[in-house]
Amino acid sequence: MSRNCCSIGNAHNLQRVNLVKNRCVSFPPSVGAGARILILGSMPGGESLRKQQYYAFERNLFWRLVGEIFGFSPKLPYPERLAALREHRVALWDVLGACEREGSLDSSIREPVPNDIPGLLAAHPGIVRICCNGQAAAKYLKRFFPALPLEVVVLPSSSPAAAVYSYSQKLERWRAVLEKDLPSSEKRCRL
């Protein structure tokens, strides 16, 4: 791990010593032993950081999308939503472990510090695909880790700021990618 990465274990330590105004620090990954897919965001937004929950902003479509794909309610308590993703062999983290940012927009990110994505992949060698939730996550992943040895797919952002795609267009793209590794018995029936 590079000195310029946030390791899985020290992101919370960074938060405790954080004295810089507008300094944002991500939280640990949600990953199970059998993970096959890693979904990466860029950096949690303000509401997510306040609640210490991935995709906590109610207008973000992330939980609605993955809930529809995997058959669980986006209104489940947060720990149960994370468990549902792990049951479907999906890990969740952010490319960035820390940055300076005023507000929640990715375009406002300054001084980005990456998480230790290679370390996570080494600890979970069953991961075969990285799905970037939007262009910003893909940009930072490519900047900090240009030679990762597995498939990287850029999905339409679940953020309400990314309004170029409708919900149904986002769902179609997310479903096509996330269902690739599901056993046929787990794929949701659709009319």
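Both Glu 179 and Arg 175 are buried, where buried means under 20% relative accessible area, exposed means over 50%, and partly exposed lies in between, with a 1.4 Å probe and protein chains only. Glu 179 and Arg 175 also form a salt bridge with each other, their closest N and O atoms lying 3.6 Å apart, a salt bridge being a side-chain nitrogen of Lys or Arg within 4 Å of a carboxyl oxygen of Asp or Glu. This is a predicted model, in which local features need pLDDT of at least 70 and side-chain atom pairs count only at pLDDT 80 or more, while totals for chains, interfaces and linings use all residues. Residues are numbered from 1 along each chain as its sequence is written, and side-chain values use heavy atoms, leaving out hydrogens and water.

**Salt bridges of Glu 151**

- Glu 151 forms a salt bridge with Arg 129, and the closest N and O atoms of this pair are 2.9 Å apart.
- The pair links distant parts of the chain, since Glu 151 belongs to strand S7 (residues 151–155) and Arg 129 to strand S6 (residues 129–133), 22 residues apart; strands (E, at least two residues) and helices (H or I, at least four) are DSSP runs numbered from the N terminus.
- Lys 180 forms a salt bridge with Glu 151 as well, with the closest N and O atoms 3.5 Å apart.
- This pair too links distant parts of the chain, with Lys 180 in the segment after helix H7 (167–178) and Glu 151 in strand S7, 29 residues apart.

**Accessibility of these residues**

- Arg 129 counts as buried because its relative accessibility is 6%.
- Glu 151 has 33% relative accessibility and therefore counts as partly exposed, and Lys 180, at 47%, also counts as partly exposed.

**Salt bridges in the whole structure**

- The structure holds six salt bridges.
- Glu 47, Arg 50 and Lys 51 are joined in a network of salt bridges.
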